[in-house]
Amino acid sequence: MSDDATQIASSSSEAVDRVKAAFPFDDYITGDLAPWLTVGTAVQNYLKPGDRLFDLGSGPCDKTAVAQALGCQCTAVDDLQDDWHLRGDNTERIKGFAREMGISFSQEFTPLKPQSYDMVMMNDVLEHIHDSPRDLLISLTEGLKTGGYLFATVPNLANIRKRLDILRGRTNLPNYDLYYWYQGRWRGPQREYVEGDLRAMCANLGLEILELKTVHHMLQKLPAKVRPIYKAATVLFPGWRDTWYLIARKPAGWTPQHTVSDQKFAEIYGQSAKESLYTVDR
């Protein structure tokens with residue numbers, strides 16, 4: 001580990017600058033640095049140096065490294081199976097960067113030991129999960145200490161750019177050619193989120209929401225001349241911003257709920273409360 005990596009950054013911006021200088025891929029941490037600064041803000045607001053953070057779906061550990069630079073003891077997991085991860089020696093360069101920053105990195109996820117982390121972080125991960133995230137989220141919450149935090153960012157399905165695309169007859173989903181020609185299992189978004197989804201997720205998990213707000217993480221996708229207008233409009237209508245930011249706390253006495261009754265599921269599914277989807281008498 002380099003000497004710089006052992007020094008605790010005094011601010012989010014210093015942490016991001018340090019990570020940017022050490023990161024092995026040019027033109028990756030560029031432009032609007034809001035996604036990385038968001039991580040720094042969450043860490044500084046809720047954690048202290050020495051706290052343990054687990055980052056699921058860390059990618060090249062760029063955001064994990066921001067938390068590490070602010071004094072956290074970070075563990076990161078990502079399968080590194082995106083196309084660019086597999087090119088040349090990129091996988092080894094990512095692993096080398098993680099080692100340099102002092103991050104414990106693995107390509108395989110194993111259930112966390114109970115009560116072992118102060119924060120679990122997922123940046124732009126939830127939307128990529130193909131099936132229900134229930135069991136994964138329960139496993140991650142079990143790994144949090146009592147009073148620990150789930151920190152997640154997800155794209156906002158209802159952001160104004162996507163609404164306008166739909167009104168113009170365009171898709172709000174990824175480019176179709178990319179989807180059509182993708183090699184192997186699709187790794188793009190499966191389900192993006194709105195506020196009600198995240199509130200329901202936390203209610204089902206039994207977590208206490210501390211912050212749920214929108215932020216700007218994708219301004220670079222807009223033409224530069226449009227950005228001031230967009231930012232001004234989203235001051236009045238914050239639900240139009242591109243990304244949701246969630247901080248939720250694990251309460252004392254938390255217990256997991258793995259299933260609901262057949263009757264409850266029938267209600268959720270939209271059936272009569274007296275009729276089970278699993279055992280219907282004819």
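## Basis

Residues are numbered from 1 along each chain as its sequence is written, and side-chain values use heavy atoms, with hydrogens and water left out. Because the model is predicted, local features need pLDDT of at least 70 and side-chain atom pairs count only at pLDDT 80 or more, while totals for chains, interfaces and linings use all residues.

T234 lies in helix α10 (residues 227–236); helices are DSSP runs of H or I with at least four residues, numbered from the N terminus. With a relative accessibility of 0%, T234 counts as buried (buried is under 20% relative accessible area, exposed over 50%, partly exposed in between, with a 1.4 Å probe and protein chains only).

Leaving out residues up to four places away in sequence, T234 touches H216, W240 and R241 (contact means heavy atoms within 4.5 Å).

## Nonpolar surface patch

A nonpolar patch on the surface is formed by Y176, Y179, Y180 and W181, which together have about 560 Å² of accessible area. Such a patch joins nonpolar side chains (Val, Leu, Ile, Met, Phe, Trp, Tyr) within 5 Å, from residues with over 30% relative accessible area and no salt bridge. Areas come from the Shrake-Rupley method with a 1.4 Å probe; for residues, only the protein chains shown count as cover.

W181 is located in helix α8 (residues 176–181). Its relative accessible area of 58% makes W181 exposed.

## Salt bridges

The count is 15 salt bridges, each a side-chain nitrogen of Lys or Arg within 4 Å of a carboxyl oxygen of Asp or Glu. D51 pairs with K48, with the closest N and O atoms 3.1 Å apart. D51 is buried at 8%, whereas K48 is exposed at 53% relative accessibility.

E92 and K95 form another salt bridge, at 3.9 Å between the closest N and O atoms. These residues are about one helical turn apart, because 3 residues separate E92 and K95 in helix α5 (residues 90–101). E92 is partly exposed, at 47%, as is K95, at 23%. Salt bridges with shared partners also link D79, D82 and R187 into one network.

Note on methods
Helix = DSSP H or I, 4+ residues; strand = E, 2+ residues; numbered from the N terminus. Patch = residues over 30% accessible without salt bridge, like charges linked within 9 Å, V, L, I, M, F, W, Y side chains within 5 Å.
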